[in-house]
Amino acid sequence: MGGNNGGTPAGAPPPPPAPAVAPAEAQPVRQQLRTEFAFELPRGYVDDMGTVHREGVMRLATARDELIPLRDMRVQENPAYLSVVLLGRVITQLGTVAHMHDGVVENMFASDLAFLQDFYRQVNAEGHTRAGVTCPHCEQPFEVELGGSRLGES
């Protein structure tokens with residue numbers, strides 16, 4: 001038996017070490033919640049210096065984000081203003097604009113405002129802007145860009 005203390009034949013590789021955690025005891029892998037979404041405006045916001053800002057970031061809205069604008073006098077006088085105030089709260093970055101607020105949003109082109117309203121709805125309703133679907137005719141799967149109504153409409 002010589003120098004063999006473990007019961008394996010001399011020259012044979014040692015058995016693999018036992019796993020530290022049995023598979024049945026392994027913890028499930030948690031997915032990180034995505035809370036920010038990049039976008040690019042179709043036209044772009046033009047600031048006072050004439051700089052065009054197109055790339056931005058929108059975060060997920062909280063219940064507070066949707067409730068606070070309802071107390072705003074501008075929204076109470078004109079409900080269509082709700083989306084302007086709301087977007088001013090959830091857009092965290094737009095190009096090199098130093099401070100995002102509803103005044104920036106109200107000076108955007110109408111096409112950019114419509115884009116942001118749809119984008120808001122998509123990321124807050126689904127968590128993403130694309131959906132997997134299957135063609136009813138050929139049964140091939142593909143992705144589509146989600147479209148939607150303006151904020152506050154179902």
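Biologist: What is the order of the three strands in the open sheet, and how are they paired?

Modeller: In this predicted model, the open sheet runs β1-β2-β3 with antiparallel pairing. β1 (36-46) and β3 (91-94) each have a single partner strand, so they stand at the edges, with one side of each left without a neighbour in the sheet. Neighbouring strands are turned by 25° against each other on average, direction ignored.

Biologist: Why is the aromatic pair of F39 and F115 called tilted?

Modeller: Its planes are 55° apart. Stacked needs under 30 degrees and edge-to-face over 60, so this pair is tilted. The centres are 6.4 Å apart, and the limit for a pair is 6.5 Å, so the rings count as a pair.

Biologist: Which parts does that pair tie together?

Modeller: F39 lies in strand β1 and F115 in helix α5, so the pair links parts 76 residues apart in sequence. Helix α5 (residues 110-125) lies across β1, β2 and β3, at about 170° to β1. F39, F115 and F119 form one aromatic cluster.

Biologist: How do you know whether F39 and F115 are buried or partly exposed?

Modeller: Buried means under 20% relative accessible area. F39 has 6%, so F39 is buried. F115 has 26%, which lies between 20% and 50%, so F115 is partly exposed.

Key. Residues numbered from 1 in each chain as written. Predicted model: local features only at pLDDT ≥ 70, side-chain atom pairs only at ≥ 80, totals over all residues. Heavy atoms only, no water. Pairing = 2+ DSSP bridges. Helix = DSSP H or I, 4+ residues; strand = E, 2+ residues; numbered from the N terminus. Axes fitted to C-alpha atoms, helices over the stretch in contact; angles between N-to-C directions. Contact = heavy atoms within 4.5 Å. Phe/Tyr/Trp six-rings, centres within 6.5 Å; stacked < 30°, edge-to-face > 60°. Buried < 20%, exposed > 50% of the residue type's maximum accessible area, 1.4 Å probe, protein only.
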